[in-house]
Amino acid sequence: MAFFDMTTIPARTLIQGISMKAVHGEQLTLMTVDLDAGAVLPTHHHPHEQMGIVLEGELTFTIGDETKICRAGDTYLIPSDVTHGVTVSAASPAKVIDVFSPPREDYK
């Protein structure tokens, strides 16, 4: 399949306040992620390399031992198995696009 209509893909709740929609290729997964104001994605790690871009809102990312506030247009790279987490500003919700390689089988 070469084309996807994200409006037809049902959202999946990752944790309270964070939902996503995912599409998959042979070598990657692409996700849109909607995060409520004040939402927290606890520190975790996975074997996938992850790269993303902030579309809306303000998020505080911790990747390894580095913490940075990211806003619309900022991108981030999370190497395989590096611990990371995120907190969304209480002022407004946020939206990001994440890409994972290899594909996230757990999100299929």
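**Pockets and strands, questioned**

Me: What makes up the lining of the largest pocket, by residue class?
Reply: The lining divides into 15 nonpolar, 5 polar and 2 charged residues. The model is a predicted one.

Me: How much space lies in the largest pocket, and which residues are closest to its centre?
Reply: The space comes to about 290 Å³. Of the 22 lining residues, Leu-14, Leu-41, His-44, Gln-50 and Asp-98 are the closest to the centre.

Me: What makes the lining of the second largest pocket partly charged?
Reply: This pocket has a volume of about 160 Å³, and its lining holds 5 nonpolar, 2 polar and 3 charged residues. The lining consists of Phe-61, Ile-63, Glu-66, Thr-67, Lys-68, Cys-70, Asp-74, Thr-75, Tyr-76 and Leu-77.

Me: Which element gives the most to the lining of the second largest pocket?
Reply: Strand E7 does, with 4 residues. E6, E7 (66-71) and E8 each supply at least two.

Me: How do you know that E6 and E7 are paired?
Reply: Pairing needs at least two bridges; E6 and E7 are joined by 6, so they count as paired. They run antiparallel, and Phe-61 stands opposite Lys-68 in E7. E6 and E7 form a hairpin with 2 residues between them, and Gly-64 in the turn has a positive phi of about 65°.

Me: What makes E5 and E8 partners?
Reply: E5 (residues 49-56) and E8 share 4 bridges against a requirement of at least two, so the two strands pair. The sense is antiparallel, with Ile-53 opposite Thr-75 in E8.

Me: Why is the sheet called open, and which strands stand at its edges?
Reply: The sheet has 6 strands in the order E1-E2-E3-E10-E5-E8, with antiparallel pairing. E1 (12-15) and E8 (75-78) are the edge strands; each has a single partner strand, so one side of each is left without a neighbour in the sheet. From one strand to the next, the twist averages 25°.

Me: What holds the strands of a sheet together?
Reply: They pair through backbone hydrogen bonds, either parallel or antiparallel.

Me: What makes the protein as compact as a globular protein of its length?
Reply: The protein has 0 helices and 10 strands. Its radius of gyration is 13 Å, close to the 13 Å that the globule rule gives for 108 residues, so the protein is as compact as a globular protein of that length. The C-alpha trace spans about 35 × 30 × 25 Å along its principal axes.

Me: How do you know that Pro-93 is in contact with residues beyond its neighbours in sequence?
Reply: Contact means heavy atoms within 4.5 Å, and leaving aside neighbours within four places in sequence, Pro-93 meets this with Leu-35, Asp-36, Ala-37, Glu-56, Gly-57 and Val-88. Pro-93 lies in the loop between E9 (84-88) and E10 (94-101). Its C-alpha atom is separated by 7.6 Å from that of Asp-34, 59 residues apart along the chain.

Key: Residues are numbered from 1 along each chain as its sequence is written. This is a predicted model: local features need pLDDT of at least 70, side-chain atom pairs count only at pLDDT 80 or more; totals for chains, interfaces and linings use all residues. Side-chain values use heavy atoms; hydrogens and water are left out. Axes are lines fitted to C-alpha atoms, for helices over the stretch in contact, and angles run from 0 to 180 degrees between N-to-C directions. On a 1 Å grid over the protein atoms alone, a cavity is a set of points where a 1.4 Å probe fits but cannot get out, and a pocket is an open set with protein on both sides within 12 Å along at least five of seven lines; lining residues have an atom within 4 Å of a point. Grid points are joined across faces, edges and corners, and a volume is the space filled by probe spheres set on the points. Ala, Val, Leu, Ile, Met, Phe, Trp, Tyr, Cys and Pro count as nonpolar, Asp, Glu, Lys and Arg as charged, and the others, Gly among them, as polar. The radius of gyration is taken over C-alpha atoms; the globule rule is 2.2 Å times the number of residues to the power 0.38.
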